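Biologist: I am new to this structure. Please walk me through how to read it.

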Amino acid sequence: MSSRLSWFILLILVLGFAFLYGPMLVLITYSFNANKLMTLWGGFSVRWYPELLTDSQVLNAAKNSFVVASVSATFATVLGTMAGYVLARYRKFRGRLPFSGMVTAPLVMPEVITGLSLLLLFKQLDTWFGWPRSMGFTTVILAHITFCMAYVTVVMQSRFSTFDISLEEAAQDLGARPLKTFLVITLPIVAPAVISGWLLAFTISLDDLVITLFTNGPGSGTLPQLIFSKVRRGVDPTINALATIIIAVVSTGVITSHILMTRAERRRQRDIQLALQSNK
Amino acid sequence: MAAERAKAEASGQPWNDPDAVPYIRIENVTKKFGDFVAVNDVSLDIYRGELFALLGGSGCGKTTLLRMLAGFEQPTSGRIYIDGVDMADIPPYERPTNMMFQSYALFPHMSVEQNIAFGLKQDKVPAAEIKERVGNILDMVQMRQFAHRKPHQLSGGQRQRVALARSLVKEPKLLLLDEPLGALDKKLREATQFEIMNIQDRLGITFIVVTHDQEEAMTLASRIGVMNHGQIAQVGTPKEIYEYPNTKFVADFIGSVNLFEGQIVEDEPGHVVIACEETGRPIYIDHGISTAPGAYCWVAIRPEKMELLKTDPGSKSNCSPGIVKGVAYMGNLSIYLIRLDSGKEVKVTMSNQRRAAEHAIDWDDRVFVTWHANSPVALLS
């Protein structure tokens, strides 16, 4: 630690940061551009922010995105937890290979293919059963659940495979039935993984454009769809403002969780010290 | 010690009473995992109030047997009865047993108090009674001041006491303990051993302890079942197991032992004479073993039952000359490694009765190893 930073390391550091954060900095800077032309600096201004917040189209899309992301993340978490549990616990059952293959397929499948296949499926279902009549919230949420579940399954499977089964056995030994054991012992212990699975699903759903384009209809356009269409029609500085807000929200979230985790870890260390001291 | 306790029990030694009804009956139980036979046709009767130890090395099937009693594994064949009830279709949460896990398996998201109360809550015991019983058991294991701590805030010994309290609080008919003292240091281990024996005396619960530590089994148990390769090698009181092992495996597994290979030349009701190349002079045992002369057998003699002399006592049997090849001074006793004239090495333990004895036996001394005629045990397998 005592050795000074050499110019080479410093250079790498600067280049690395520039590579990672440069685009974002440009974006944030231009969100305060007074000029309507994206590529020309016309002085400092915050005019795009109020304009953005009064733009009902943007607000509506943000709301749609939020609804789609939270509903699909919730369903994906429930299904993914169940699938992860089965895959981690039951090493052998008929159809395990196809099951695990199908569950994780969306991870490796190109999004265009997933999107197209879902679109065809919905159309076919409509001709056969008269459902879903049109593309909209239902179809986009179903599509998002499908691929978000894959991520949650991976997270939960790895969590369950390191879970100490003797905890469940102890609960049953003390008289708890299997379902109760799962609800009062297993679930609270894996809760952090469930939460991170949900957040992962939420983020991925919020971010998705390709599958959404295939499965969404009018009236339920999401934020990525709106941004995409706006950019196509000609760049608009309000998009910069919108992106800046998103970056601000995400950064706040990351920094807060980091502080909370550091604090929890410090408390843990203190507890361990305490336990060692009280051990006569 | 354990033998005395067993004797003090009102019913005496139920395993010697042909009319006694066993509390736990294990009948021809076999457990296979794929092709691997973990438990192989084990039959065992355990009586009410016993502290029974299942002793064996790792992979001998002792833990699998315990898990079948708790209901976590189903026997491939055979039956298990607890208090006369067939356990075949009874799931773990309905069995009258509680188990203390080797890993303790304390619920990490619950405090000490909540961990202990968990079992009572499942039985819908009223809140006031739960509070009282948890309080009592916390006092018993001296953990009252830690009631609100989480398991990760406890040391190994404290966790072990919480696990014991949690398995005891429901006052099960049968308590199963899987390597209960494995993770403790020597001092704490001894203290806890006596604590477990106290609790067992006070509550009269039947205990089955699984352990790989023979010293632990000897101290704790009223009877020991020695297991090997999924089978019960011998069942008996600690004294029987130690003094009269029935196989070479048991003799070797429990304590330390010198084994000699020999051939029976004389087998009368009152004595046996065994010719042995390793000892030179024959081995004379003062009780018969009723087998045909000419049979080959093993003779086991415990190191503390042998004695070293510096001069030849001149006896025709039970004496073998050798050279001292090593001395380990342990304080209360010394262990000598003797190379007999045949090249066979034996261990002899002698207590250090006198301080720095003038007749001290030292490296490379010529000595004569002798033993009493009732010390050797002849083993046919």
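Modeller: Start with chain B and its domains. The centres of domain 1 and domain 2 of chain B, taken over C-alpha atoms, are 34 Å apart. Domain bounds come from an automatic or database domain assignment. In chain B that assignment gives domain 1 (2-96 + 172-249) and domain 2 (256-379).

Biologist: What should I know about the model and its numbering?

Modeller: This is a predicted model, where local features need pLDDT of at least 70, side-chain atom pairs count only at pLDDT 80 or more, and totals for chains, interfaces and linings use all residues. Residues are numbered from 1 along each chain as its sequence is written, while chains are lettered from A and ligands numbered from 1 in the order in which they are written.

Biologist: How many residues of domain 1 of chain B are in contact with domain 2 of chain B?

Modeller: First the term: two residues are in contact if their C-beta atoms, placed from the backbone, lie within 7 Å. Here, four residues of domain 1 of chain B are in contact with five residues of domain 2 of chain B. The domain 1 side divides into two nonpolar, one polar and one charged. Nonpolar covers Ala, Val, Leu, Ile, Met, Phe, Trp, Tyr, Cys and Pro; charged covers Asp, Glu, Lys and Arg; the others, Gly among them, are polar.

Biologist: What does pLDDT say about chain B?

Modeller: pLDDT is the predictor's confidence in each residue, from 0 to 100. Chain B averages 88, and 95% of the residues score at least 70. The model scores ipTM 0.82 and pTM 0.80.

Biologist: How many helices and strands does chain B have?

Modeller: Helices (H or I, at least four residues) and strands (E, at least two) are DSSP runs, numbered from the N terminus. Chain B has nine helices and 20 strands. Its C-alpha trace spans about 80 × 50 × 45 Å along its principal axes.

Biologist: Is helix 3 of chain B mostly covered or mostly uncovered?

Modeller: Count neighbours. A residue is buried if 20 or more other C-beta atoms lie within 10 Å of its own, exposed if 12 or fewer, and partly exposed in between; C-beta atoms are placed from the backbone. Helix 3 of chain B is mostly covered, with eight of its 11 residues buried. Among them are Val112(B), Ile116(B) and Phe118(B). The cover includes helix 4 (127-140) and helix 5 of chain B. Just after helix 3 of chain B, Lys124(B) takes a positive phi of about 55°. Over the whole chain, buried residues make up 40% of the 381 residues in chain B.

Biologist: Which elements of chain B touch chain A?

Modeller: Begin with the count: 22 residues of chain B are in contact with 20 residues of chain A. Strand 6 (97-100), helix 3 (112-122) and helix 5 (156-168) of chain B each give two or more residues to that side. Helix 3 of chain B gives the largest share, three residues. The chain B side divides into 11 nonpolar, 10 polar and one charged.

Biologist: In what order do the five strands of the open sheet in chain B run?

Modeller: Two strands pair if DSSP finds at least two bridges between them. The order is 15-19-16-17-18 in chain B, with antiparallel pairing. Strand 15 and strand 18 of chain B stand at the edges, each with a single partner strand, so one side of each has no neighbour in the sheet. Strand 17 (residues 333-340) and strand 18 of chain B pair over seven bridges. Arg339(B) has Glu345(B), in strand 18 of chain B, as its bridge partner.

Biologist: Is Asn318(B) buried or exposed?

Modeller: Asn318(B) is buried, with 22 other C-beta atoms within 10 Å. It lies in the loop between strand 15 (306-309) and strand 16 (319-329) of chain B. Asp364(B) counts as exposed, with 7 C-beta neighbours inside 10 Å.

Biologist: Where is the cis peptide bond in chain A?

Modeller: The bond from Trp131(A) to Pro132(A) is cis, with omega near -10°. Pro132(A) lies in the loop between helix 5 (111-129) and helix 6 (137-161) of chain A.
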